[in-house]
Amino acid sequence: MAATREIRDRLKALATGRLEGRSGRAYWRSLEELAAEPAFHDQLLDEFPSLEPVLGSRSRRDVLRIMGASLGLAGLAGCDFGPPQEKALPYVRAPEFEVPGDPEYYATAALLGGYALPVLAETHVGRPVKVEGNPEHPVSRGATDLFAQAAVLDLYDPDRSGATTRLAQISTFDAFQIDLIGRARELEGRRGSGLALLTGAVTSPTTLRLIERARERLPELRWFVHEPVGNARRHEAARLAFGRILDLHPRLDRAEVTLCLEADPLGPGPAQVPNARAWVDQRRAKMAHGELPKLYVLESTPSLTGAKASEALPAAPAEIHNATLALAQHLGIGGIEAPELPLHLRAKVLEIALALERSGEAALVMPGAHLDPQLQALVFRINQQLGGLNRTLVATLPVEARPEVGENSLPALAGAIRTGEVDTLLILDSNPVYTAPADLDIGDLLQTVPFRVHVGAYQDETAALCPWHVPLAHPFETWSDGRAVDGTASVIQPLVRPVRGGRSMHEVLATLAGEPQAEPYEMVRATWRRVLRGRDFEPAWRQVLHDGFAEGTAAETQSVEARPVEAPPPKKPGAIEAVVRPDPSVWDGRFATNAWLQELPKPFTKLTWDNVVAVSPAFAVEHRLDNGDLVDLSAGVRRVRAPVWILPGQAERTLTLHLGYGRGRFGGVGSDLGYDAYRLRTTDELWVIEGMIVQAADASMPLASTQEHHSMLGHHLVREIGIGELAAGRSVVPKEHHRPTLYPEWDYETYAWAMTIDLDACIGCNACVVACQAENNVPVVGKEEVLLGREMHWLRVDRYYSGEASQPHVHFQPIPCMHCEKAPCEMGCPVNATVHGPEGLNQMIYNRCVGTRTCASYCPYKVRRFNFHDYTADEPPTLVARRNPDLTVRARGVMEKCTYCVQRISAARIEAKKEGRRIRDGEVVTACQQVCPTRAIVFGDQSDPDSMVARAKASPRDYALLAELNLRPRTSYLAEVSERPAGDHRLEGEVREF
Amino acid sequence: MATVHPESLTAPSVDYRSVTRDVAAVPLAFPSPRAWWIGFGISCVGVLIFLVSAFWLFYRGVGIWGINNPDFWGLAISNYVWWIGMGHAGTLISALLLLINKGWRNSLNRFAEAMTVFAVIQAGMYPILHLGRPWLFYWLIPYPNTMTVWPQFKSPLEWDVFAVGTYLIVSVLFWYVGLIPDLAGVRDRAKRRVWQVFFGLLALGWRNSAIHWQRWQVCYWILAGLALPLVISVHSGVAMLFAGGLEPGWHTTIYPPYFVLGAVFEGFAVVLLISITLRHAFRLHHLVTDRHLDMLAKLLLAFGLMTAYGYLFEGFGAWYSGDLYERQTLQDRLSGDYAWAYWGAIALNFVVLQACWFRAVRRSAAALLAIGAAVTVGMWLERFMLVTTALYRDFLPSSYQAYVPTFWEWSLFLGTIGVFFFLFFLFVRLLPMISMFEIKEVLQEEARGGHRAAPS
Amino acid sequence: MAQIFSRAADTYLRVVLIGLGLLVVGLLLLAGGLVRSDYLTGVGKQIDQPVPFSHRHHAGQLGIDCRYCHDTVEVAASAGYPPTYTCMTCHSQVWTNAEALAPVRRSLATGAPLRWNRVHDLPDFVYFNHSIHVQQGVACLECHGRVPEMVRIYQAETLHMSWCLDCHRHPAPHLRPPEAVFDFDWRPPKDAEALGLRLVAAQGIEPENLDSCYVCHR
């Protein structure tokens, strides 16, 4: 609706040199500042090449620009009165097999912490629009996490670095190469001594190969690895326990009794998707036999795993440490000095120990990846004692390249710099100045290195301190490769030519290795000749490009034996401890400029646009703290001021700090958000900061949370059924007998679309929310608007607590449109803008909507979203190209809501019609359903009794939300299942509102 | 047929000549210019505020208001209901009392009707102003279009469009037809040419002939007959806009009568305010007597008590239904974030009202002025409370969200009040604000009833 | 006292009042007519194109099939505009130096696409899919008129929503056997009525569902 008009505005804006003033929301205010900069003009010119001589299209990668051109011209023409005379720009040479209007899919991969998550990327005439999981891939199995979903937005991020700079002046990549080549020659003279590389975790075979090449030329090159949220301690623990570095993979699909000690296998991270799938597979398998796998969690701060646990016990890090020792002791592992432990924990440990012993080989004890390596090693030993090692906890060769340097890598680098051993430093896709422990003063040290290069996607803190900065291309922009958590190797193929002119890391490394001319494509192929050793290369390569990964390249499993390790001494609980965690939305800060992730309500706090210090309700009472109150945290000399948030289930005297915020001025989206927790970390206190001093700063700040209330206030919104009842064939609610209604009955001759959401399987990971946002062009509104309660997410995940605030049960409930059979909204709309469709869809027609908002007022689920402002027109022009062209862009003053991804239904229907058949079951997959790691969402035609959704609705766990209103929603829920013998126990008890 | 009453409706001094003189004097030789000019000036400022608020609203969209998800309506709709409510007493007084021949109305009906018309105009503007895309408001009107799409006739909002539209037209006609004989009267007394032409045109060539009177009578009574059911239907329609939804606190069958009664109640309060002010400003104590006030006060009391019954029954219904959500909303109204609105409404509407049991109060202009003002505010609080408390906490606790009106919502409200007074000031300045001929009818009746000497 | 108005005043007044009434009605009718007029719908409006391409010559006289240039009409939502290459397949041989074709040659040389002015331009919130219409037997002619007789292509129909719905609600009279879709000389048989109904049945077309909003709007 608004597309061309928007572009027109943008171009007018360009002409006058500024975006027209839609101020008021910080999110865009800074964008307007940006617009005043000449750099922004260039960027707009990139976006609309029509304004400069078009270079012509040689491949699909050029089409992005042509697209821009056609839109842009539409805009220019539209300056006169009335609708613009739209132009049509055909190809000059049409790319083969390209059908304008039909999406194409390319197998590639998204990266998180160096690990690849294979995806299929959907492109429309050359513009990447959406990614889906790769169904064939053993790790993805069709699902992705929220970060992969959001990756496509980064591609168009106007804040990404767009130019090679030397001393903050625009330079060229060639100039850089020349400089680097010169430097390399010099280094060659002294066999590369003084040269240091700093990278994040690396799984890319090509990167590895190129570094090896460089090493052949410069043997004394030193390579340091710094991953802010990595596996260093896990590897260290493996070294202690098994004498060598290994990756350890929990096999939740085999475990019957699991104990997580600060471990969060279902939480965000590279392994979330496979772990979640394994967990749900096992849970469903057991459920079929009338049992449930047991999952105990000892955690200092609520985690997604804890939310799904049979029992989650909040405990201070020190207590968890001691509990682990107690457990080991109980299992008869020698050499452990008796730890002190509060009575309830001691009893609980005993109970858990017995349960673990009983299940023997099917037992699994998982240590948190950031726990003290010694303790983790002890836990491996415990697994061996129980018999689960190599079964429920499997070791493989490490997937990461050069893991041996570990967590001390950065301190080692610092040391080397201090002693003057480093005079040339290449920082590749790492931001130590922001992410390094505070005590290293890495910033000051860096500046003592004469030749410093930063290769990164952003002009970030590190770039600011490096004479040379080279913009790093997005994974979807250049040829590369990587390995998934299981080691399976994927080729990462580009979908579009660098939007912001970024370069591949390989090009830099190749230059260092003396091959400045090498093309990324050739480099990757060269590597893969090795990876695909022993196969006929060309066909094998094509196969890999098609599949997105190479069969049988998973890391080799190792049968291991944990040797006795010296157990760490018990800890003395009591002091206030702070645990450090990556942020569930922006991870270690690398997604700070991603508007989708910033506005994504975090699983427990439902906060957007900020990070907080999580405190327990008891702690809040004790210190008279309320949500949003600012406190001064000090550990030693280091101080930070941050807002607190009261979090049920938080260990009483433990604070939780989340990384990734406090960047200061960082682009249009990421500026001035939250506080910087990195400032409080030191090399020896990276994950737990002991003796933290908290002082209330009698000031507070507004925090934008999308859900103010905790409890269900006695309503049965989330339901639960005991496994016993389930086995006995009882159902959670009496099977739906339709109450009488005054409204006419619909008859559906064709299809009856419906959805079920399995609350037992939902882990609240938020992937569906981001997927929906990407698929349906859901606008981002900014913190101020969220504060007003105007977030636009079509699909939200409600979070409720029951039980005690100190140890609550957490319930996640995704809420899309319910597509009621007897929809109140349809009755309310005076202009027929929302009507009942012949397939039972509750249709919302934006272009008919006049915005009376009656439908939304009438909606009991409040799933309708209103464009209070012209949100879409306020979005930066670069994001316009990202939009899914298959559905309307909504303008100011219209209502919108979940449509069951009607664009996908229409596409399927048209295809089916052409082939003269019905739409097959599973042919229409909604965005939320497709992305879900636990397959919690099922969609389909409920009029077909064999369809997956019909079968799901036949389940005794199936119930309708607010069924008493007799609206007969098409979306229904499958109740949670608990070990409890009967009824809604876990749902009883109200968590006090704070 | 005549109302024979121990006490005359107008002061003894009043006769045909004096009535015409006093009333016609107002437009022709304006007696109290200073006060009028001040009032008019202030109302002009109000109009300005309205124009600014409306312009900014159209330019930036409803986002400038405090409305959000779930509070999609807020002030715009509660003000709409408040204004339309005010527009009820006028028609009710004139039409109903005309049809049942209650002569005492004749001193009040004229400006009561004016009030109705002006209030309905304000009410009519709100639904358009609150639209997300106001420039498409005409889609609410059924007309043959190139989309072959029609309005959705099941929607209460759609019916509001018709109801309010019809009501506005009928009230304007009723008011104007009632004016014609007096316009002629003023025309004939006008000395200056401009006034003669002005009133001459408006009087549509009324010549006081018997046939004129006879046709006029028929027409006027028909309009009265039309207007009366509309009073009921309009506000019932408005009530259905809420009762039609499932929201707890809205979804109840008592809403239509509850709303109509409340509206009339509010209307009478405003009539009180106006009549007292006018008679004071233009020294019309002999035409609008204490007895009129007494009548009005009794009506106010009656409708107030009926409205109070509505309150009680709404509460009882919520409790008796046993519906968790209904009870929750009831409790929330009594003790929630907006309890001030609920208790404010109770206090200003019903507590203060009880004073009307006393004759002394009913005959004290000052006291009634205070009570009228209290009820006017009280009813506004009630409308605000009804709209907001239902929405800000409905079914899923996850979507609970408070609502705080912004400056622009208040300024627009202030603006509409300004427009209302602007029109009203013009009315008292330009038109005979009291029905001369109908008062003469009363004199006639009373003469015939022997309560006074036959007027000369 | 002098009369204020002349005797005729009443008459004038009546005339004025009636006149006003008529004026309002007239304006409404005018507006209604205007939105349906070619002036606003653009029917028959001939727009200048960068290249004076004649459909009459190519599709009519030379009898080149529509699909030669609009090659995705059977498979995709968009019928597709021919890439410069398609033009040059012939024009590298014939009319190689024609002045009129200079823009085409320039496009090929510089790689800058030709910039055609869109003639059939639906609003952005309408999702029309060529392939399904063609497949179901809706002829080009139905919407695009007698293209082979157009020198400069122009809009033959109003493209109003009501016009779309006419066919979506009563498709039978507008359908042809699939093989006749691209044939501009096809004459309906005598039993056109019956044929239409047969086709509706054969294609599994559901007129009762074809006016559902989500068929065209998303």
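Q: Why is Phe421(B) called partly exposed?
A: Partly exposed is the class between buried (under 20% relative accessible area) and exposed (over 50%), judged with a 1.4 Å probe and protein chains only. Phe421(B) has 40% relative accessibility, so it counts as partly exposed. This residue sits in helix H15 (residues 407–430) of chain B; helices here are DSSP runs of H or I with at least four residues, strands are runs of E with at least two, and both are numbered from the N terminus.

Please keep in mind that this is a predicted model, in which local features need pLDDT of at least 70 and side-chain atom pairs count only at pLDDT 80 or more, while totals for chains, interfaces and linings use all residues. Residues are numbered from 1 along each chain as its sequence is written, chains are lettered from A and ligands numbered from 1 in the order in which they are written, and side-chain values use heavy atoms, with hydrogens and water left out.

Q: How do you know that Arg110(B) and Asp182(B) form a salt bridge?
A: A salt bridge needs a side-chain nitrogen of Lys or Arg within 4 Å of a carboxyl oxygen of Asp or Glu. In this pair the closest N and O atoms are 3.3 Å apart. The two partners are 72 residues apart and link distant parts of the chain, with Arg110(B) in helix H5 (residues 109–129) and Asp182(B) in helix H6 (residues 156–189) of chain B.

Q: What makes Arg110(B) buried or exposed?
A: Its relative accessible area is 1%, so Arg110(B) is buried. Asp182(B), at 2% relative accessibility, counts as buried too.

Q: Why are Glu216(A) and Arg213(A) separated by about one helical turn?
A: Because they are three residues apart in helix H7 (residues 205–217) of chain A.

Q: What makes Arg152(C) and Asp48(C) a salt bridge?
A: Their side chains meet at 2.3 Å, N to O. The pair links distant parts of the chain, 104 residues apart: Arg152(C) lies in the loop between helix H8 (140–144) and helix H9 (161–169), and Asp48(C) in the loop between helix H2 (38–41) and helix H3 (55–61) of chain C. Asp48(C) is exposed because its relative accessibility is 55%.

Q: How many salt bridges are there over all chains?
A: The count comes to 71. Lys130(A), Glu132(A), Glu775(A) and Arg904(A) are linked in a network of them.

Q: What makes a space a cavity?
A: On a 1 Å grid over the protein atoms alone, a cavity is a set of points where a 1.4 Å probe fits but cannot get out, and its lining residues have an atom within 4 Å of a point. The largest cavity holds about 1,000 Å³ of space, a volume being the space filled by probe spheres set on points joined across faces, edges and corners. Its lining has 50 residues, with Leu111(A), Asp429(A), Ala457(A), Leu472(A) and Arg590(A) nearest its centre.

Q: What is the volume of the second largest cavity?
A: It is about 170 Å³. Strand E32 (residues 796–803) of chain A gives the most to its lining, with three residues.

Notes: 1 Å grid on protein atoms, 1.4 Å probe; cavity = no way out; pocket = protein on both sides within 12 Å on 5 of 7 lines; lining within 4 Å.
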